[in-house]
Amino acid sequence: MKRKNIESFKKKYKNYKINSEIKSKKVRLVGEKIESKVYTLKKALKIAKKLALDLVEINPKATICKVMNFKKFLYKLKKKKLKKNLRLTKEIRLTSYTNSHDLSFKIEHAKKFLILKNKVKFSIFFKGRSIISKDLGEKMLLKCIDLLSTFIKVELPPRMDGKKMFIVLSPKQNTLKKT
């Protein structure tokens, strides 16, 4: 790894020592295509250079080093963090005439989605002449907001888009706990 890259990584990843930063005289070497045993630091660096990879200190207390592509390792770490932060939007479909039992069932599903920190989109599609009763659809969506009021913050209030009315709800940070 080039010196400029190492210096920029130093700031972000202080926990890892790379190649010449490792100060131990002997290290336990692990990695793919390598016999796992104790080597001198010079020998371990030669092995890493021969494989065109980096020598990275994983555990400083036990002086365990791994031969790997450090850039690829950092990329996977970033990808993992992004995956944790990724939130999905789950859609729950209703009609303006959905009965109370079905609504309570769908509200329970919404609670589960919110506990998993996903956004929930309730939508009502008006078929044929049901478009006349937009107010019933809006009441249904407002009822959903009311039933979930302790769990959610409203991201988008009831809104029409062609023949579809929808709301988007996101979880409140403090009130959600896995049960």
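Tutor: Start with contact, which means heavy atoms within 4.5 Å. This is a predicted model, where local features need pLDDT of at least 70, side-chain atom pairs count only at pLDDT 80 or more, and totals for chains, interfaces and linings use all residues. Residues are numbered from 1 along each chain as its sequence is written, and side-chain values use heavy atoms, with hydrogens and water left out.

Student: Which residues does leucine 103 touch, not counting residues up to four places away in sequence?

Tutor: Leucine 103 touches Leu94, Thr98, Met140, Lys143, Cys144 and Leu147. Leucine 103 and methionine 140 are 37 residues apart in sequence, yet 9.0 Å apart in space, C-alpha to C-alpha.

Student: Is leucine 103 buried or exposed?

Tutor: Buried means under 20% relative accessible area, exposed over 50%, and partly exposed in between (1.4 Å probe, protein chains only). Leucine 103 has 2% relative accessibility, so it counts as buried. Threonine 98, at 15%, counts as buried too.

Student: How is strand pairing read?

Tutor: Strands of a sheet pair through backbone hydrogen bonds, either parallel or antiparallel. Strands (E, at least two residues) and helices (H or I, at least four) are DSSP runs, numbered from the N terminus. Two strands pair if DSSP finds at least two bridges between them. Here five strands form an open sheet in the order E1-E4-E5-E2-E3, with mixed pairing. Strand E1 (17-18) and strand E3 (37-40) stand at the edges, each with a single partner strand, so one side of each is left without a neighbour in the sheet.

Student: How many bridges join E1 to strand E4?

Tutor: Two, and the strands run antiparallel. Isoleucine 18 stands opposite valine 56 in E4.
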